[in-house]
Each structure stands twice: as structure tokens, then as C-alpha cells.
Amino acid sequence: MSFFRRKRLFTILLALIVLVGLIGFSLTDREQRSTIEEFFQDTFGWMQQIVLTPVNYVSSFFSNIDSMIDMYDENQVLKENLGQYQKILYEVQELRKENQELMNLLDKTESIRDYTPIQATVIARSPEQWFKQVTIDKGKQDGVEKDMAVITAEGMIGKIQSASQFTSTVLLLNGFDRSNRIAVNVNLSEDDEDARGFILGYNEEHDKLLLEFTEYYEEIPEGAPVFSSGLGGVFPHGLEIGVIEELTTDQYGLTQIAYVEPSANVNDLRHVIVIDRDLETSTSADVSEEED
Amino acid sequence: MSRVYLPLILTLLIVLQGAAVQLVPTSISEAGWIVVIHSVLLFLILLKLFYDLENTYYVLIFAILSGLIIDIIYTDIIGVYMFSYSILVFFVHGMRKVLHANFYVATMLTFVSIGVVDFLLYLIYQFIGVVRMDLTVYLSHRLMPTLIVNMILFFLFYLLLKKRLVKWSNERFDHKQSAH
């Protein structure tokens, strides 16, 4: 132990070298985590589930009281909406049946719309808030894989960053950068065809997602809904991402960009759904090549 | 008993960090302020001051291990917390030889340590490119609120733990010396 005392400078240098080595190791584009990381992630995930259950219970109790105050007004609105849903439900069923028949006619069974949902619960959130990530209680054993989309009832919230055996980490939408592009469609009500583009990442200044269109579209209304197109090869078609908030051009004035307000609130998450696309997904390496 | 208690408390603190963000009101984060709770580091500093001896290095080992675990389960990049925490415990270890461990020294050392650790984290993450934030924005929006919250937490920890730590330290190290 006197080793530390005599060679203080040496120790600090050694620590620096270890730091650089470890950072270099974790920055490389890894497909899978090492066994040691998975072990720690799973053990602590398990402990978090035990310890955090009462904590979450208390905090959800308070948010329940909060929402009870607005309950009466909300109930009125919901009752009105319910009448309309009946009609839409009937239409959806008819369309679904028709779609099924047409698909059978073509001998086509799989579509990029299809997915298997995996229900999961958020067990922890990174205390280092520069990392926009949360831990969920489902892992490889439940069929979760890297790069799967994660949604809530309101819309998409992120994707699986890494999966361990029993837990996995979700990268939230507000932590997306250029290496996590999403191919999207913007729904134009008048036109038959949807506008196509990519979500390039999260813009910190505007607190919005940045969307770049592949072509120039004359009229894109503000408030138009943005959906995943499924053409990126990872996410299924038709996951709601947000609505267009502001339409501009980039700094050179050549491409059309838009700021997209995410429809799901990523700051208050409890229950999420991991989306396992039924159709074969291409690997992330292929996707980035295609998109470039 | 401290052999069992200390790793248990550390583990519990690491686990609780995952819930800490939920306890911070959303109005603070919506205003753009970032509060990071370094409860593990606070505990490590108290351990170094009141439990560990001048010539023992148990806390340094705790610091390396808990930093590594925080890196693995809460961030993508391994080594940053591990490095910052262990360097700061090393620093407190050095200061302990010069200064007498009392309440004022502990307050001052904690204040400096939290500030330096958070700034180290900022420097490293900025260097790697995890975060792009101007220094002035960092100082006003992250360092200041983080320091305030952590100092409040420190007083709480001090009241709860100081006597116990001194007791455990006496039990453990006196026993060892008499055995020799």
C-alpha cells in the first residue's frame, strides 16, 4: 500500500491511461456488450426493481392526485369522443378485413406494418442527465434486441441502445443524433402521396426533433403528423413520432427542414412497449450505408 | 459489522441514483437546469474523512468499484465516473493528512470535491463529444444547482452518518491493532 504514497504522480498517470483506454473501448461501435457489463446491468436492474417499486408507488400516488383534480372536465371530453370512436372502430374493422382479403389474394403475408409488442416497465433513469437513457425490465430473454423501437401509447420515445439478458437500456428521442436516423413520412391530407424525409436528431436549441426532407415539397402544413416509414429497415411502418412545428430551410437554403414536436413526453415514463418488427430487419450497418 | 454495512450502503446509494431524477421536480428541468445528485461521492468523502485511516486505502477501492458500476449501468462510456471519483478520493486522502477532520473541513472539502468532480465530468464528456455546452451555460445551469442540492444532501448525510462512521472505524481498526 505504500506504493501509492511514494509514486503519486505515477499513479495519476496510470489512472489517466486506464481512463483513455476504457473510453476508447466503450466508444467503439460494439454490436454487443461484454459479459461483465451485462452482469452488472442485470444485477443492479434486479435490485432497482426491488428498491424502486415503493419509490415509484409513492411518486405515482402524487401524480394520481394531480390528475384527479382535472378528472371531471376530462371525463366530459372523453364521453363526447367515445361516440365518435364507435364509428371509427367499425370503419377500421372493415378496412382491416378488406386489407386481409387483398393480402390473401396477393399471397402476401408479411408487411412492414406488423410487429410484436413487448410490454416493459421503466426501472431507472440515468442520474447523469447528459445521457438521455432509461433502463427497462425486459432483456434478450424476452426477445428484446438492439435498435428496436420503443413507444408509449402517445408515440415513439426512443430505441433500444443495448440489451442485456434481463434488462435493457433505451436511448430516448431527445438523445438522438445523426447516427440514429429515422426514415419518416409526413402525412399530407390533400396530396395522395406522403412527404418523405429523415429525422436527423434532436436540436437542443429548439428542444425539437430535426426533420430533413428528401425532396422539396410545396405545401407542408404546420401540425402535420410525422410517422416512421419503415423504409429505414429497423422500425416498422406507422409509428407516430410527432407533429411538425415549424418549417424552414437549412443554412444554405437548399434543403427543406422542419422542427418536429415529439408527441410522447419522454420526461415522465412508466410503462413502455418495445416493438419487435416481424419482417426481417437489416443490420444497422446496412442502414447507414443505404441512407448515405 | 462495517465490512458488511459499507458495501451495502454504497450499493443502495447507487441503486437510488436511478430514481433520483424522478424526485427532482420537472419545473427545474423544464427551466433548463440540470441537477446531478452525487450521493455516492458524498458518502465516499465522509468515509475517507471519518472512517478510513491515513494509511489505509479501502475507500479508494470503493471509489473505483462504485464509479465503474455507475459508468456501466447509467452511462455509455466506461471510465469517466471511475476516474473522477477515484482521483477526488485520492485528493481528499492527501488533504486529510494536512487538515484535521472536523465539520468545517468536511464542508469545505465536499464543496471543492463536488465542484471539481462535476467539472471533470463536463471536461471529459465535452472532449469526447457526448455533450456540447458552453462553459458559461454549464456554470450557471448545471454546476450551480448541482452544488446547492449536493451541499444540502451533505449536511443530511453528515448528521446521519458521522457518529456511526467514527464508531465503525474505531471498532474495526482498533481491533486490528490489538490483534497484532
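A residue is called buried here when its relative accessible area is under 20%, exposed when it is over 50%, and partly exposed in between, using a 1.4 Å probe and protein chains only. Helices (H or I, at least four residues) and strands (E, at least two) are DSSP runs numbered from the N terminus.

The model above is predicted, so local features need pLDDT of at least 70, side-chain atom pairs count only at pLDDT 80 or more, and totals for chains, interfaces and linings use all residues. Residues are numbered from 1 along each chain as its sequence is written, chains are lettered from A and ligands numbered from 1 in the order in which they are written, and side-chain values use heavy atoms, with hydrogens and water left out.

**An enclosed helix**

Let's start with α3(B): 12 of its 12 residues are buried, so the helix is largely enclosed by the rest of the structure. Among the buried residues are B:S39 and B:K48, along with B:F43 and B:F50.

**Where the chains meet**

The size of an interface is often given as the accessible area lost when the parts come together. Here chain A and chain B bury about 4100 Å², 72% of it on carbon and sulfur atoms; this area is what the two parts lose on being put together (1.4 Å probe), summed over both. Chain B brings 44 residues to the contact and chain A brings 38, where contact means heavy atoms within 4.5 Å.

There are 9 residue pairs in polar contact between the chains, both at pLDDT 80 or more. On the chain B side, α1(B) gives the most, with 11 residues. That side has 34 nonpolar, 7 polar and 3 charged residues.

The interface also holds 1 salt bridge, meaning a side-chain nitrogen of Lys or Arg within 4 Å of a carboxyl oxygen of Asp or Glu.

**A threonine to look at**

B:T75 sits in the loop between α4 and α5 of chain B. B:T75 is buried, at a relative accessible area of 2%. Its contacts include A:E128, A:F131 and A:Q133 as well as B:Y81, leaving aside residues up to four places away in sequence.

A few distances to check on screen:

| Pair | Distance |
|---|---|
| A:E128 and B:R142, closest N and O atoms | 2.5 Å |
| B:T75 side chain and B:D71 backbone oxygen | 2.9 Å |
| B:T75 side chain and B:I77 backbone oxygen | 3.2 Å |

A polar contact is a pair of N or O atoms within 3.5 Å; within protein, one must be able to donate a hydrogen and the other to accept it, and residues adjacent in sequence count only if both atoms are side-chain atoms.

Technical notes:
Ala, Val, Leu, Ile, Met, Phe, Trp, Tyr, Cys and Pro count as nonpolar, Asp, Glu, Lys and Arg as charged, and the others, Gly among them, as polar.
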